[in-house]
Amino acid sequence: MDTIPQKDNNGIRLNGWNDLVFMKRHYALKAPDSAYLQSVRDKGARVRYCYLKRIEFSSGWKYYAVIVLEGDPPHKEKTRQGHRVGIDIGTSTVAAESEEKVMLEKLAPDSIRYEKEVRHLQALLDHKMRMANPDNYADDGTVRKGKKKWHISRQANRLKKRIRVLHRKEAAYILCSHRRQINRILSSANEVIVEPVSLKAMQKRSKKTERSDRGAAINGKIIHKYKRKKRYGHSIKNHAPGRFLLELKRKAEVMDIPYYEIRTSAYKASQFHHDTGEYIPSPVNERYKIISGITVQRDLYSAFLIRHTLDTLNAPDIDACINDFEKFADISNRELAAMKAAGISNQACWGF
């Protein structure tokens, strides 16, 4: 049990901001010293209820009091006038485009580091479990069917704890990284338009069993191997694009920035060409498009089309696309050149 919730400020309650009362006992609290909490104190917001939460670290468990206040949260005031921003979200990358600048970045770029550590520890844990429970495994290495009794050694318990801590750190890093990227996007935005993506469908395995068109000669015969059924579940797990969209919507509401989603059933920005007015599906490995004789990066061009959506959110504004395209192409090509010069690349997703 990681949390002890309360429906009202009765069972677990605050005495001031530094004293918590639970089961007739008093516990000292260390309140964070932040400008946000100070603004809440100045407004005299009433504590609706609070609950206890514990989080596991390498050094052991730490306990927190989570406070829920009445009313609306303090809104962050924008410092300057912004522009409409179009955002194209992928399984591991995000592209944003506005009137002044473009952005093309990975989502949570260091999350792979945690995945490698978890994979290594899980291999060690599997080895320890097999050594401690040899009768639970068949000759081919699979787990035997039926009722079994598992013995978990002290070393296996330590490995499980390290794996749990790494999963928590990975989730915390991804959320922190998302919020930093969202802050940069919203710092110059007065309106946000995104293209919603069905990530649940993209992470499922393909149901079709197909063979590759390209064959290989083996013992004088042409063999066509089966295509992999895996899709994007691994990438979605590591980069959490769905959580990015949730945080983007939440932060936009806090900052009073309008947030819209285009209607993908009527307008597919990733396939549209504004110069011909046609929807042309392109393969995943095609990372560039030629529009009006100019080569543009695919994700940035999708963000450009999303920004130039009509107020009905179901079709592009063709005239606005034609007027702003040359400026967009110049800004995006300069940004891509700067990224290449700095050694920033992601060949599979960006094409460089």
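Visitor: Why is Trp150 called partly exposed?

Guide: Its relative accessible area is 36%. Buried requires under 20% and exposed requires over 50%, so with 36% Trp150 falls in between and is partly exposed. Bear in mind that this is a predicted model.

Visitor: And what makes Tyr137 buried?

Guide: The relative accessible area of Tyr137 is 10%.

Visitor: How do you know that the rings of Tyr137 and Trp150 form an edge-to-face pair?

Guide: There are two steps. The ring centres lie 5.8 Å apart, and a pair needs centres within 6.5 Å, so the rings of Tyr137 and Trp150 count as a pair. Their planes stand at 80°, and angles over 60 degrees are edge-to-face, so that is the name for this pair. Both residues belong to the loop between α2 (111-132) and α3 (154-186), 13 residues apart. A search of the whole structure gives 10 aromatic pairs.

Visitor: Why is the pair of Tyr267 and Phe272 called edge-to-face?

Guide: Here the centres are 6.1 Å apart, with the planes at 85°. The distance is within 6.5 Å and the angle is over 60 degrees, so Tyr267 and Phe272 form an edge-to-face pair. Both Tyr267 and Phe272 are buried. Elsewhere, ring pairs join Tyr301, Phe304, Phe325 and Phe328 into a cluster.

Visitor: What makes Ser302 buried?

Guide: Ser302 has a relative accessible area of 2%, and the limit is under 20%, so it is buried. Ser302 is part of helix α7 (residues 298-307). Leaving aside neighbours within four places in sequence, Ser302 is in contact with Asp88, Ala269 and Ser270.

Visitor: Which charged end sits over the ring of Phe57, 4.1 Å from its centre?

Guide: That is the charged end of Arg168. Lys62 also lies over the face of Phe57, at 5.0 Å from the ring centre.

Visitor: Why do β2 and β4 count as edges of their sheet?

Guide: The open sheet has 3 strands in the order β2-β3-β4, with antiparallel pairing. β2 (12-14) and β4 (25-28) each have a single partner strand, so one side of each is left without a neighbour in the sheet. The twist averages 25° from one strand to the next.

Visitor: What makes β3 and β4 a pair?

Guide: Pairing needs at least two bridges, and 4 bridges join β3 (residues 19-22) to β4, so the two strands pair. Val21 stands opposite His26 in β4.

Note on methods: Residues are numbered from 1 along each chain as its sequence is written. This is a predicted model: local features need pLDDT of at least 70, side-chain atom pairs count only at pLDDT 80 or more; totals for chains, interfaces and linings use all residues. Side-chain values use heavy atoms; hydrogens and water are left out. Rings of Phe, Tyr and Trp (its six-membered ring) pair if their centres lie within 6.5 Å; planes under 30 degrees apart count as stacked, over 60 as edge-to-face and the rest as tilted. Buried means under 20% relative accessible area, exposed over 50%, partly exposed in between (1.4 Å probe, protein chains only). A charge sits over a ring if NZ of Lys or CZ of Arg is within 6 Å of the ring centre and within 35 degrees of the ring normal. Axes are lines fitted to C-alpha atoms, for helices over the stretch in contact, and angles run from 0 to 180 degrees between N-to-C directions. Contact means heavy atoms within 4.5 Å.
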